[in-house]
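Hi,

Here is the structure I promised to pass on.

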Amino acid sequence: MRPPRATPDQGVTDIELMSALREGREIALCELITRWEKRLLSFVYRYTQDTHTTQDIVQEVFARLYQKREQFKSEREISPWLFTIAANLCHNRARWKKRHPEHSWDETANPESKSPEDLITDPALGPVESTIR
């Protein structure tokens, strides 16, 4: 088993930071974010291939880390826990996107139809019809 991670300049391990976080010292969360954010961003980007989605997922990873800090087993390393949370969130997002595909105006409009702006502002259409279009 590898020793817990510690930065060379501080000598504080991830496990010690999690203990501090459980004790209410929230500055420990800032240190954990500093240590793990770049690696998580890289990991999640490989799944999503989208910068904004990646940032959202990594933020959610740290939110869950904070929410579930009491459940962390102090004898284990933090990295598998973080990366499992990240992978699960990526899979959840992929499933959601599969069920809720995004369509652009270009895909839905045919050449003979009015422009999207005309469809929205066409006075002949009622609010329901305009919204549907």
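H2 passes H3 in a right-handed crossing. On the H2 side, the residues making this contact include Leu29, Ile33, Trp36, Leu40 and Val44; on the H3 side, Ile57, Val58, Val61, Phe62 and Leu65 are among them. The two axes come within 9 Å and cross at roughly 140°. Angles over 145 degrees would count as roughly antiparallel, so H2 and H3 are classed as oblique to each other. Bear in mind that this is a predicted model.

Next, H1, which runs over residues 14–22. Its buried residues are Asp14, Ile15, Leu17, Met18, Ala20 and Leu21, and they pack against H2 (27–48), H3 (51–67) and H4 (79–99). An α-helix has 3.6 residues a turn, so residues three or four places apart point the same way. Just after H1, Gly24 takes a positive phi of about 100°.

Finally, the cysteines. How many disulfides does the structure hold? The count is 0. Cys90 counts as buried because its relative accessibility is 4%, while Cys30, at 44%, counts as partly exposed.

Cheers

Conventions
Residues numbered from 1 in each chain as written. Predicted model: local features only at pLDDT ≥ 70, side-chain atom pairs only at ≥ 80, totals over all residues. Heavy atoms only, no water. Buried < 20%, exposed > 50% of the residue type's maximum accessible area, 1.4 Å probe, protein only. Helix = DSSP H or I, 4+ residues; strand = E, 2+ residues; numbered from the N terminus. Contact = heavy atoms within 4.5 Å. Disulfide = S-S within 2.5 Å. Axes fitted to C-alpha atoms, helices over the stretch in contact; angles between N-to-C directions. Parallel < 35°, antiparallel > 145°, perpendicular 65-115°, else oblique. Left-handed = near helix turned anticlockwise from the far one by under 90°.
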